[in-house]
Amino acid sequence: MPHSLPVQLRATVRFLGRILGDVIRSEDGLAVFEEIEQIRQASVALHRDGPDADAKGVESRLSQLSLPDAVRFAHSFACFLQITNIAEDQIQRRRGREGDGRPDTLAGALRSLAEAGIGPDQVADLLADAVIAPVITAHPSEVRRKSLLDRAGAIMEALEAHDTPDVAARAAHERELVRQIAIIWRTRLLRGVKLGVADEIENAVSYFERSFLTELPRLYAHWRELTPGAGVPSFLKIGSWVGGDRDGNPFVTADIMRHAFARQARAALDSHLARINALGAELSISATLAQTPPALQALADRSPDTSPNRADEPYRRALTGVYARLAAAYPALTGGSVRPTPFTGQPYTGPDELKADLQVLQDALIAQHGEVFAEGALPDLIRAVDCFGFHLATLDMRQNSAVHARVAAELLKVAGVCADYEALPEDERCDLLVRELSHGRLLYSPYAAYSEETAKEYAVLQAAAEAVRLYGPEAIKAYIVSNTTSVSDLLEVYLLLKEVGLYRPEDPADTRIFAEPLFETIADLRDAPGTMTRYLALPLVRALLAGAGRQEVMIGYSDSNKDGSYLTSTWTLHQTSTALVAATRAAGLSLQLFHGRGGTVGRGGGSSFDAILAQPAGTVNGHIRITEQGEVVANKYADPELARQSLETLTAGVVLASLRKRDVSTREAYGAIMGRLSEASFRAYRALVYETPGFADYFFAATPIAEIADLNIGSRPTSRQATRTIEGLRAIPWVFSWSQARVMLPGWYGFGSAVAAAGLPPEQLQELHRNWPFFSTTLANMEMVLAKADIAIAKRYSGLVEDRGLADTIFGQISAEWERTTQALLSITGQSSLLENNPDLAAIIRSRLPYIDPLNHLQIELIRRRRSGDDTPEVREGIHLTINGVAAGLRNSG
């Protein structure tokens with residue numbers, strides 16, 4: 001019987017930790033090793049001995065470190081936590097190979113549905129029209145450099161190989177582990193310069209190259225085995241915001257968008273060409289020994305390959321022609337040159353032409369040699385072309401509605417249509433926009449002078465039009481409108497798209513890219529169904545959507561949480577999702593939700609599988625897009641095997657959520673209870689964050705927000721405005737800062753007060769927890785956050801606030817609410833301690849705390865030193881190393 005996850009993890013971490021210790025001893029000497037080891041042992045003892053332990057010993061040792069020693073210590077514990085993550089990922093990797101017995105695989109989902117009387121035909125019907133897409137974004141909370149991610153992959157491979165009974169081989173693999181860990185020990189953990197958007201594009205493409213390009217075709221091949229006789233369409237594809245998301249990021253320009261597509265195309269075409277080349281080496285079938293169907297013969301005859309050595313090898317000749325045509329398309333698509341080839345061909349105009357030629361070969365192989373050729377390298381290549389085309393990942397555009405309004409106003413004014421568009425009431429705005437969208441006259445003039453903002457936005461639109469023409473309709477499909485509050489916010493996008501030919505005012509009107517709202521704040525989410533009802537009632541909009549039959553709506557987890565508390569955000573998103581289904585259905589359309597989730601619970605994080613299963617009935621229906629952000633991208637997709645598990649889990653969740661039968665008999669009663677809790681949570685949270693005098697000052701002093709802003713982890717500014725306000729702060733640094741300070745406030749604050757204010761019998765909330773997946777999942781995520789929080793460490797961070805009266809007042813409120821929330825959760829779940837019912841997770845978190853806590857203590861001391869005037873590079877490096885280590889230890893920190 002396999003050991004539990006904590007036992008396996010402990011053994012692997014001890015093994016890798018021993019190697020790290022040996023490396024430190026060997027390279028830095030025994031004295032350095034012993035100093036680090038003494039602090040480690042003291043911290044472990046502190047956690048082992050529990051509440052009666054004396055924390056002063058650890059704090060005293062840390063405070064006595066010289067600055068160089070403090071930096072080295074931070075580096076060592078950060079390295080150890082990176083190694084712990086590698087060990088955990090490796091164990092997860094192995095567990096993923098246990099087969100399809102788990103419920104979060106497609107096989108498990110099929111089995112579960114079969115037990116409920118839902119057969120494979122219904123699954124096939126669902127997937128025939130399904131859209132499932134993880135969307136990679138560049139939102140910054142990933143503190144690891146790509147160099148470390150590469151080393152993590154190498155260590156996992158060496159760990160894999162080390163698990164062998166061959167003693168000599170084990171020794172060799174252990175030497176490789178020593179080499180790789182020695183490299184990590186001497187690798188700079190921090191980036192030396194701030195990331196630019198081009199760097200973020202490179203990082204995103206590295207995941208596509210490392211995992212998606214190889215694993216997606218393999219997944220589809222596996223799913224085809226599970227559903228024999230039913231074709232499996234390419235319902236699972238990849239999206240990206242990197243290079244198209246301009247909201248608050250002034251560095252995303254037209255040239256950046258062109259660069260993003262060129263780089264993505266290079267990755268896709270390099271992969272396609274390599275596969276074609278390998279197939280050419282493999283398919284040596286001779287026409288003298290097998291029949292050649294006419295279509296294959298025609299394709300071979302069109303090939304520029306006239307070598308007598310391959311005259312009787314139609315597959316090879318055909319593939320030479322295919323390679324030549326794709327190579328000829330390469331320069332225009334990528335801006336670069338491909339490996340020289342002796343043959344030239346007519347460039348493919350799109351991936352459909354390439355796929356059609358490959359299908360000729362596939363059909364011939366199956367017709368002449370049987371179904372054994374329905375699997376293998378050629379069908380995997382066809383699937384890759386179907387999934388990735390020439391563009392690799394569909395790029396969303398995103399911009400704030402306020403920018404669109406200003407640009408539209410300037411275009412209308414310069415064109416003499418409306419002197420002050422922004423002064424118009426909403427109804428008049430909409431009437432004007434509908435009129436402008438009904439004819440072909442353009443507003444933009446190359447002879448007029450425009451503001452820098454308008455010129456920049458127009459240039460981006462031109463780049464988008466070029467991308468659609470060059471890479472096809474899958475290149476860009478959605479234009480996300482941040483801060484959507486009205487119908488005009490969406491119509492303005494079509495006005496701008498019209499200027500570059502992406503919207504055409506024909507009869508009926510047609511668009512290449514669809515405007516899609518992003519509802520973010522609590523108020524906007526509550527208003528969203530009404531906004532969409534008014535929008536979808538417009539004949540122009542109904543005509544635009546008639547072909548697709550579906551409207552996508554994006555809902556934001558991060559900002560709604562920052563606006564109104566975790567509980568209120570979660571419940572409002574749940575209610576809004578259900579209401580949006582009704583609104584789109586009333587318009588004769590289907591709804592596709594786009595979930596703007598982040599890594600932490602405060603930004604919609606937690607188990608994706610459980611979150612999908614907890615979605616309201618009728619809101620999934622085989623269609624979902626989900627953002628993948630920050631360190632979660634690396635956690636899920638840096639390793640090909642983990643990527644495959646993550647993608648299968650996502651698909652299994654969508655299939656189950658779409659088809660399983662739901663008991664909705666208690667929905668109204670449970671919803672009424674949640675409504676009471678949500679309103680009380682909203683009031684408690686707003687009272688602290690937005691109504692308590694001096695709260696912003698407390699936040700900026702009692703968390704490392706200023707130090708995080710100096711980290712080189714992303715191109716986007718941390719605040720929307722250059723002011724010290726909570727309203728102006730982005731949700732990502734808001735959550736990241738509270739995580740570093742071990743408060744985790746966005747993931748739980750308000751729940752305890754809500755339970756107390758609602759005055760409900762405990763048995764009633766216990767019933768919700770037992771019977772309602774939405775409520776149990778909400779509490780499970782909250783419980784994980786509370787387990788990672790440490791109110792004693794949080795109190796030490798409050799000591800950074802100079803105004804002691806303010807610090808005591810606000811921390812007193814936070815501490816009291818933490819106690820209320822913890823006790824309320826334990827009462828509802830029937831536990832005596834956090835995670836009592838999830839001992840594996842509890843053990844994993846506990847095992848990390850002795851290494852995280854000292855980094856927090858050191859971070860506080862270094863921040864205090866910096867804020868007192870010692871802003872040397874060494875102090876900043878020490879602070880940033882502690883941020884790196886704490887983030888690595890918590891894993892889902894941003």
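**Helix packing and buried residues**

Reply: Happy to! Helix 15 passes helix 18 in a left-handed crossing, where left-handed means that the near helix is turned anticlockwise from the far one by less than a right angle, and right-handed clockwise. Helices here are DSSP runs of H or I with at least four residues, strands are E runs of at least two, and both are numbered from the N terminus. This is a predicted model, in which local features need pLDDT of at least 70 and side-chain atom pairs count only at pLDDT 80 or more, while totals for chains, interfaces and linings use all residues. Residues are numbered from 1 along each chain as its sequence is written, and side-chain values use heavy atoms, leaving out hydrogens and water.

Me: At what angle do helix 15 and helix 18 pack, and are they parallel or oblique to each other?

Reply: Axes are lines fitted to C-alpha atoms, for helices over the stretch in contact, and angles run from 0 to 180 degrees between N-to-C directions. Helix 15 (residues 401-414) and helix 18 (residues 487-498) have axes 9 Å apart and pack at an angle of about 55°. Angles under 35 degrees count as roughly parallel, over 145 as roughly antiparallel, 65 to 115 as roughly perpendicular and the rest as oblique. The two helices are therefore oblique.

Me: Which residues of helix 18 make the contact with helix 15?

Reply: Contact means heavy atoms within 4.5 Å. Helix 15 contributes Ser401, His404, Ala405, Val407, Ala408 and Leu411, and helix 18 contributes Asp489, Glu492, Val493, Leu495 and Leu496.

Me: Which helices do the buried residues of helix 6 pack against?

Reply: Val123, Leu126 and Leu127 are the buried residues of helix 6. Their packing partners are helix 5 (106-115) and helix 25 (640-659).

Me: What is the relative accessible area of Leu825?

Reply: Leu825 lies in helix 34 (residues 804-829). Not counting residues up to four places away in sequence, Leu825 touches Phe751, Leu779, Met782, Glu783, Leu786, Gln831 and Leu834. Leu825 is buried, and its relative accessible area is 0%.

Technical notes
Buried < 20%, exposed > 50% of the residue type's maximum accessible area, 1.4 Å probe, protein only.
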